[in-house]
Amino acid sequence: MYARALAVMTAALLAAVTLLTPASDARARSGRRPVVIAHRGASSYAPENTLAAVDRAAGLGVDWVENDVQRTKDGTLVVIHDDSLRRTTDVERVFPGRSPWKVKDFTAAEIARLDAGSWFGRTYAGVRVPTLEQYMRRVEHNRQNLLLEIKNPELYPGIEQQILKLLGNEGWLDRQHLARRLVVQSFSADSLRTVHDLEPAVTTGFLGSPAVRDLRGYAAFTDRINASHGSLSAGYVSAVHALTGPHGRRMGVAAWTVDDAETARKVAGYGVDGVITDKPDLVRQAFSGC
């Protein structure tokens, strides 16, 4: 009898200690671990925003990938982070006289000639900048989900309509994708309003951390606040969670870019719904004890 009572007391004490940990506090608030999202694919392990990075994320068992979408001179949507091709391709060597090598100043055929992998490592020599169509088909093939960022929309008038058209053509605006597999995000509130007005069923995320007093206005057109981890706190996450987004659901929060276990556990303790990371395996391992 004494041994049984001691065991019960010990279990109770361990449970109390566990409840005081940040990760368990997150579980208490959200009911589950944060979703892990591979930033530009598994970009610590393969060249960012390439099909190789998508595949590496899939190999790690990561369901969500994030990307960046811009537009070429002749109107093709491509997946690349910077508005210049210089950092992640060999554009300076292939087209030496065309500084500053902006994406919008090159045709899709010209960009398709560029090596987007050698800068990362010899293993990836010859990897190309994918079109959005190619990227989406790979994500679909891998049965992954997509957090699509509209990058620099001010440079590409009408890009929202073009992206939505392509999403529709590829079958990504059906009930299943809209409900569970697609989020469109941007740093531009105007761009997200446009997406919401054109396709109200699309889940959207605003990149940034608006003042708490302004959050209700964002709730009219965005479902999520995706903020830099350094700008977040438990109070801010709770303020977002207290609001209902345009689809009648509680607004969500994702933290970026989280690449170490300590920060992952810290933002999990705030109660975030998602974590965007270059190292999804590391972050997932940090949550394993949650």
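Predicted model: local features only at pLDDT ≥ 70, side-chain atom pairs only at ≥ 80, totals over all residues.
View 1. Residues are numbered from 1 along each chain as its sequence is written, and side-chain values use heavy atoms, with hydrogens and water left out. The largest pocket holds about 490 Å³ of space. Of its 24 lining residues, Arg-32, Val-183, Thr-203, Arg-224 and Asp-273 are the closest to the centre. Two or more lining residues come from each of β1 (35-38), α8 (175-180), β5 (182-186), β7 (224-228) and β8 (252-256). On a 1 Å grid over the protein atoms alone, a pocket is an open set of points with protein on both sides within 12 Å along at least five of seven lines, and lining residues have an atom within 4 Å of a point.

**View 2. The largest cavity has a volume of about 70 Å³.** A cavity is a set of grid points where a 1.4 Å probe fits but cannot get out. Searching the whole structure turns up one cavity of 30 Å³ or more. Among the residues lining the largest cavity are Glu-48, Asn-49, Thr-50, His-81 and Pro-130. Its lining divides into five nonpolar, five polar and one charged.

**View 3. Helix α7 (residues 159-169) packs against helix α9 (residues 189-198) at an angle of about 45°, with the axes 9 Å apart.** That makes α7 oblique to α9, since angles under 35 degrees count as roughly parallel, over 145 as roughly antiparallel, 65 to 115 as roughly perpendicular and the rest as oblique. On the α7 side, Glu-160, Gln-161 and Leu-164 make the contact (heavy atoms within 4.5 Å), and Ser-191, Thr-194, Val-195 and Leu-198 of α9 meet them. These contact residues are three nonpolar, three polar and one charged.

**View 4. Helix α12 (residues 261-270) and helix α13 (residues 280-287) cross at roughly 55°, and their axes come within 9 Å.** That makes α12 oblique to α13. Ala-261, Ala-264, Arg-265 and Ala-268 of α12 touch Leu-282, Val-283, Ala-286 and Phe-287 of α13. Seven nonpolar, no polar and one charged residue make up this contact.

Technical notes:
Axes fitted to C-alpha atoms, helices over the stretch in contact; angles between N-to-C directions. Helix = DSSP H or I, 4+ residues; strand = E, 2+ residues; numbered from the N terminus. Nonpolar A, V, L, I, M, F, W, Y, C, P; charged D, E, K, R; others polar. Points joined across faces, edges and corners; volume = space filled by probe spheres on them.
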